[in-house]
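Please keep the display open while I talk.

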Amino acid sequence: MAKKPIGTPMRRTDAVSKASGAEKYLSDMHFDGMLYARMVRSGIPRGIITDISLPPLPDGYRFITYKDIPAGGNNELVMIKKDYRCFAEQDVRYVGETIGLLVGPDRSVLVDLLEKISISYEEQVPAVTIDEGLACKGGAFVGENNLFCDFTIHKGDIDSVLADAHRIFEDEITTGWQEHVHLETNAALVMPDGDKFVVYASAQCPFYVRKSIAGLLNRPYEDIVVRQTTTGGAFGGKEHFPDVLAGPLLVAANVIKKPIQLVFDRHEDGAYSVKRHPSRTRFKTALDEQGNILGMDIDVVYNAGGYESCSYVVLQRGVFHATGVYNIPASRVRGRAVATNTFPSDAFRGFGAPQTLFAVETHLCHIAAALGVDPLALKSKYFLRQGDPTVTNGHVFEKVVLPEMLDQVLQASGYEQKVAEYKRGSGKGIGISFYNHGGAFTGNGEQMIIKAKARLHKRADGCVEILVGSTEMGQGLQTAFTKIVADTLGIGEDKVLYPNPDTANVADSGPTVASRSTMIVGKILEGAALEMKERWNESEDFFTEDEYKHPEGHPWDQNTFQGDAYIAYGWGICAVEVEVDPLTHEVVTKGIWSSHDIGVPIDELVVHGQINGGIIQSLGYAAMEKLDFHPKKGFKQVGLSDYIIPTSMDFPSQGASLVHNPYPYGPSGAKGMGELVFNGASAAFIDAVSRAVDKDIRAIPIPPETLTELMA
Amino acid sequence: MTRDIQFVLNGKEVAITCDPLKRLLDVLRDDFGLFGTKEACGEGECGACSVLKDSKIITTCMVPMGSVQGCEIMTIEGLRETARGTCIIEAFADGGAVQCGFCIPGMVIAAESLLASNPDPSEEDIRLGISGNLCRCTGYDLIVESIRLAAKRGKGLW
């Protein structure tokens, strides 16, 4: 019997335990003597704390602050830079910054006490928007200019291209905050365990948590054991942010010597957790007399909030995706991440790429409209092909199959016929977008920074355990890894076990981010499984371990950002059809069609679910997920009754295609895909709406009330 | 102020003395250890805490214990022991409806509630039937298809 292709769907390893309600998430855990915590946070965006007035605390209740950090410990969370404080000391940078932790046995008593804590401040003038941050409103609070980072990449000589251009087309595109809305809110639990501490966390990256918080107690990493709990969604929101819970909890557990649980309620999670970076992208695009694009001068600014966290890395990815799937002859892209007195922006599915991809797609639509050509006709002239130079003067190594994918989408959507039928401004429109996503860490990050390892354990009972730090957060990784290992070893999937990682006994396979896990860690697991297969009869019980090997011939300079920013990209095309109500400007989406190149799917059903979910999240980003900011009070939409995410009624079922384009360095030919599927639908939606109402749209989100204002 | 409240929980008569304003959600989780009922929004918007009350779907974060007196409550822990519950759970597993899973027990309850009143629902019926339950992972398509699969496989159960 022929071996079935790896992509043939298997039942997800976690499906039944989750659907039957048996799976335990962090808030379902309880330990004897466990206490609960509530965060005490800054109520103002910028100022100096002058007084903290506490009510009398009953027996068994404690208020923990930076003063409880023991001698030798540092009041910092070590994310990428050491700029993120665990507890505010004198000054506060944003509404919601952690000041202390109130700990005690009864949750309702904690709520009462929390209301009676009064904090006085000497208030300062906050900078909230990108413009205010750049203008250093109220005085710079990061360096001399509020910039966490500022860098520029060049391809060709853009100045002379601009000087010689027939026409320069200027544009400005902005995007708003987006909240992750993982259905499980942020949650962590820390308990002393002998002379060590155990941290349970709903988290993507257990090793990040350990690295981030060990210094609070001046302990070696090994003294902090992190156990990931089944994670109810993350989308980047649980990459670094779990540190912000686990750090104060660790300090508290060190003082109180009991297990302490902290679970955010939805309003806390909405108001006081990280978000997607708002962005502003400006273009000066040089055109010749025939309307050909000669070059693009692009200025990207991301609103990073009060601390840098991973904004520099997010911005890099944004900059490296700023010319989209196109071979633009000359370009200059400047990127800046500006500090503002808002909650820190952080990782969110796409990690900086969605903002610039939305910007370049929308900008090209504006050029097409000005030239009187269909956006598809303009965009398809510049599709990157194998061997083409990239925006960082590297090369596209893989075969780019955008034309084949385009055929699929055109056929499924009836794009050409609908474009002919729906006149601009007719209330009906179809839009199309093109996007990619560089798989894994940027540049030589996998080789120089992450250095991932993966371990397998063959047990005497014939089962094989996967021992890696990579986490299941809903995306299907447990299933994907199980299949890769079972397929390589030639054993049943039921013989492969992949428990939630515990840093004490798994290999550090790197963070579960950057669409890297299947492509990078999956490949390392394949290597460990091949070795195990060869040695299978050698012993009943043994381990194999393998590590990341960087493919040869991909130069990268991390100082100049020149070379191959990514070795392989996922590619996508999405078409969206809409109808706009002429009076209310409510937008009804009539159809969604996509095609993706993810190499080879490890599980077609898991991939299908990722495509559906990523596209709906992206449509929510463009259509409805409005997150306003009050300069003194912070985010205005903090619950699910006012921050609106898509329901089952908002979008129709999708048509989704894949192309087969194996990637030689991925397990069974797979590339990354979790973020790719977020990167493009928002632009297709806005293209469709723009055509339906015959109006350029330069900012998202655009709920009906905003569209009405635009049309007025 | 506390009150004695009797109700039927997953087929068994139970009693609790508590504040009649205490949320049913907290009683299920904290007093009865039924953790399959999840809290995700606390304001009746997301449906993660759905159970059946006298066979009708409710969000337990909005239901005070005082209104549970004499009622029949079925949670995911009860539903999973029935043929209907098993059918829905198996269909969700086979149809790819489950990703992070946090909304899914509530979705299973919503599916049961829908199928009980409409054993052969159209796609539109299903989308309406689960519209009180938010999911951030799936984009709903595979949940919709899985409910259709459950209806097909479970003919005669509803």
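Let me begin with a definition: two strands are taken to pair if DSSP finds at least two bridges between them, where strands (E, at least two residues) and helices (H or I, at least four) are DSSP runs, numbered from the N terminus. What you see is a predicted model, in which local features need pLDDT of at least 70, side-chain atom pairs count only at pLDDT 80 or more, and totals for chains, interfaces and linings use all residues. Residues are numbered from 1 along each chain as its sequence is written, while chains are lettered from A and ligands numbered from 1 in the order in which they are written.

With that in place, please look at strand β23 of chain A, residues 569-580. Ten bridges join β23(A) to strand β24 of chain A, residues 587-597, and the two run antiparallel; within that pairing, A:Cys574 stands opposite A:Ser594 in β24(A). The two strands form a hairpin with six residues between them, and in the turn A:His585 has a positive phi of about 60°. Strand β16 of chain A, residues 428-438, is also antiparallel to β23(A), with eleven bridges joining them, and here A:Asn436 stands opposite A:Trp571 in β23(A). As for burial, I call a residue buried if 20 or more other C-beta atoms lie within 10 Å of its own, exposed if 12 or fewer, and partly exposed in between, with C-beta atoms placed from the backbone; by that count eleven of the twelve residues of β23(A) are buried.

Elsewhere in chain A, three strands form an open antiparallel sheet in the order β4-β2-β6. Which strands stand at the edges? They are β4 (91-92) and β6 (118-123) of chain A, each of which has a single partner strand, so one side of each is left without a neighbour in the sheet. Strand β2 of chain A, residues 47-53, pairs with β6(A) in the antiparallel sense over six bridges, and A:Asp51 stands opposite A:Ser120 in β6(A).

Turning to a helix, α14 of chain A (residues 477-489) has 13 residues and reaches 18 Å from its first C-alpha to its last, close to the 18 Å expected at 1.5 Å a residue, the expected span being 1.5 Å times one less than the number of residues. Twelve of its 13 residues are buried, among them A:Phe481, A:Lys483 and A:Asp487. The buried residues of α14(A) pack against β17 (453-458), β18 (464-467), β19 (496-497), α15 (517-534) and α16 (604-623) of chain A, where contact is taken to need C-beta atoms, placed from the backbone, within 7 Å of each other. After α14(A) comes A:Gly490, with a positive phi near 70°.

A contrasting residue is A:Val255, in helix α6 (residues 242-256) of chain A, which counts as partly exposed because it has 15 C-beta neighbours inside 10 Å. Leaving aside neighbours within four places in sequence, A:Val255 is in contact with A:Arg62, A:Ile64 and A:Asp68.

At the level of domains, whose bounds come from an automatic or database domain assignment, chain A is divided into domain 1 (15-22 + 445-547), domain 2 (31-124 + 180-271) and domain 3 (279-442 + 561-711). The C-alpha centres of domain 2 and domain 3 of chain A lie 35 Å apart, and their contact takes 25 residues from domain 2 and 27 residues from domain 3.

Chain B has six helices and five strands, and from the N terminus on its elements run β-β-α-β-β-β-α-α-α-α-α. Of its 158 residues, 58% count as buried, and its C-alpha atoms fill a box of roughly 45 × 30 × 25 Å, taken along the principal axes.

Finally, the interface: how many residues of chain B are in contact with chain A? There are 40, and they meet 44 residues of chain A. The elements of chain B that give two or more residues to that side are α2 (76-79), α3 (83-95), α4 (104-117), α5 (123-129) and α6 (141-153), and α3(B) gives the most, with four residues.

Methods: Two residues are in contact if their C-beta atoms, placed from the backbone, lie within 7 Å.
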